[in-house]
Amino acid sequence: MKKILFLMIGAAFALQAAEPEALTKDFSYQSALYQTSMKPSGLIVNGKMGNELIFKSIGLAGKFRLPEAKENQMVSPSSVTDTASTLENFGGNRYQVVTKGKLATKTLADIGDYEQVTVFEPERIKIAYKITAKVPMLSRFRVFWNNLDMLLPPLLDRGGLMVTTDKKESTFSIPATCEKGKGIHTGKIGQVKFSLANGVFAAAAGEQSVMVIFDCRNNGADLFRVEGYALSGGQGGAVIPEGKVWEWSVTYEFTPFEE
């Protein structure tokens, strides 16, 4: 039976939490393994492992059309508007941020309700997303997802491991040079690990979730992207009705090398 992601994340803590407080400015988090910061909109930026900057951002993305319309509606981190975020301290350098708001595009003021629950722990970041559509949508593939945008220099010529949703493992490396359109682009990923200078960084899809890994040099951008999204992403071209709910989660883990 499917568990509700937002209850699952908070329930892991046995310590008594302090009362939540409103988050109105950037929240900076640091442990012995990593550091990053989070904006009240839910966008996570500038992730470091040790002293090395490894990711640029973790944020929302999306793409759909209105029925009978020709132009695409694009969703980005700036689409999250009218947010109200709360910060809760569970002790032991563990924090939870709950972000609620609505989604907008350049031409549509309110396409859906948005909720994001982010838990920062000393070894990991857990993020759960929930979006409820307020307008009918059309998409052949996934409508909403989140992007982990990693910087290329820490990854180049280093080893990686990917595990598909059917548990097949394979190793890979990210070359220093990549011809446009010929880089890695692999879907149905359940977990991916990157060997970095200061340890192993991993992303794992949660329940009813899946990932895609993508060398953005395929499209001319100097980034490596890990996309997470709900298994019930799209409807194969059928109209998605108002009230449709997408829920997915991803955990990002930081593991030091054994001495």
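**View 1. Leu156 sits in the loop between strand 12 (144–151) and strand 13 (159–164).** This is a predicted model, so to speak of local features we need pLDDT of at least 70, while side-chain atom pairs count only at pLDDT 80 or more, and totals for chains, interfaces and linings use all residues. Residues are numbered from 1 along each chain as its sequence is written, and side-chain values use heavy atoms, with hydrogens and water left out. Strands here are DSSP runs of E with at least two residues, numbered from the N terminus. Is Leu156 buried, partly exposed or exposed? Leu156 is partly exposed because its relative accessible area is 26%, and the partly exposed class lies between buried (under 20%) and exposed (over 50%), using a 1.4 Å probe and protein chains only. Leaving aside residues up to four places away in sequence, Leu156 touches Ile174, Pro175, Ala176 and Arg217; contact means heavy atoms within 4.5 Å.

**View 2. Strand 15 (residues 185–196) pairs with strand 17, with strand 13 and with strand 16 (residues 199–205).** Two strands pair if DSSP finds at least two bridges between them. Strand 13 and strand 15 run antiparallel over 5 bridges, and Gly160 stands opposite Phe194 there. Strand 16 is joined to strand 15 by 6 bridges, again antiparallel, with Lys193 and Ala202 as bridge partners. A hairpin links strand 15 to strand 16 through 2 residues. With strand 17, strand 15 makes 3 bridges in the antiparallel sense; here Thr186 faces Ile213 and His185 faces Phe214.

**View 3. Strand 17 (residues 209–215) is mostly covered.** How many of its residues are buried? The count is 7 of 7. Ser209, Met211, Ile213 and Asp215 point one way, Val210, Val212 and Phe214 the other, and all are buried. Val210 has Tyr229 of strand 18 as its bridge partner.

**View 4. The largest nonpolar core holds 55 residues.** A nonpolar core is a set of buried Ala, Val, Leu, Ile, Met, Phe, Trp, Tyr and Cys residues joined through side-chain atoms within 4.5 Å. Which members touch the most other members? They are Met137, Phe144, Phe194, Phe201 and Trp246. Zoom in on Met137 and, beyond residues up to four places away in sequence, its contacts include Phe64, Ile111, Val143, Phe144 and Trp246, along with Arg65 and Pro67. A second, separate core has 5 residues, among them Trp145, Val210, Val212 and Tyr229. In soluble globular proteins, nonpolar side chains tend to be buried together.

**View 5. The largest pocket has a volume of about 420 Å³.** On a 1 Å grid over the protein atoms alone, a pocket is an open set of points with protein on both sides within 12 Å along at least five of seven lines, and lining residues have an atom within 4 Å of a point. Grid points are joined across faces, edges and corners, and the volume is the space filled by probe spheres set on them. Of the 16 lining residues, Lys63, Ser139, Phe141, Arg142 and Trp145 lie nearest the centre. Strand 5 (52–64), strand 17 and strand 18 each give at least two residues to this lining. By class the lining splits into 6 nonpolar, 4 polar and 6 charged, where Ala, Val, Leu, Ile, Met, Phe, Trp, Tyr, Cys and Pro count as nonpolar, Asp, Glu, Lys and Arg as charged, and the others, Gly among them, as polar.

**View 6. The structure holds 1 cavity of 30 Å³ or more.** A cavity is a set of points where a 1.4 Å probe fits but cannot get out. The largest cavity has a volume of about 50 Å³, and its lining includes Ser41, Leu43, Ile58, Leu60, Tyr114 and Tyr129. Strand 5 and strand 9 (112–121) are the elements that give two or more residues to this lining, with the largest share, 3 residues, from strand 5. The residues lining the largest cavity are 7 nonpolar, 4 polar and no charged.

Key
Helix = DSSP H or I, 4+ residues; strand = E, 2+ residues; numbered from the N terminus.
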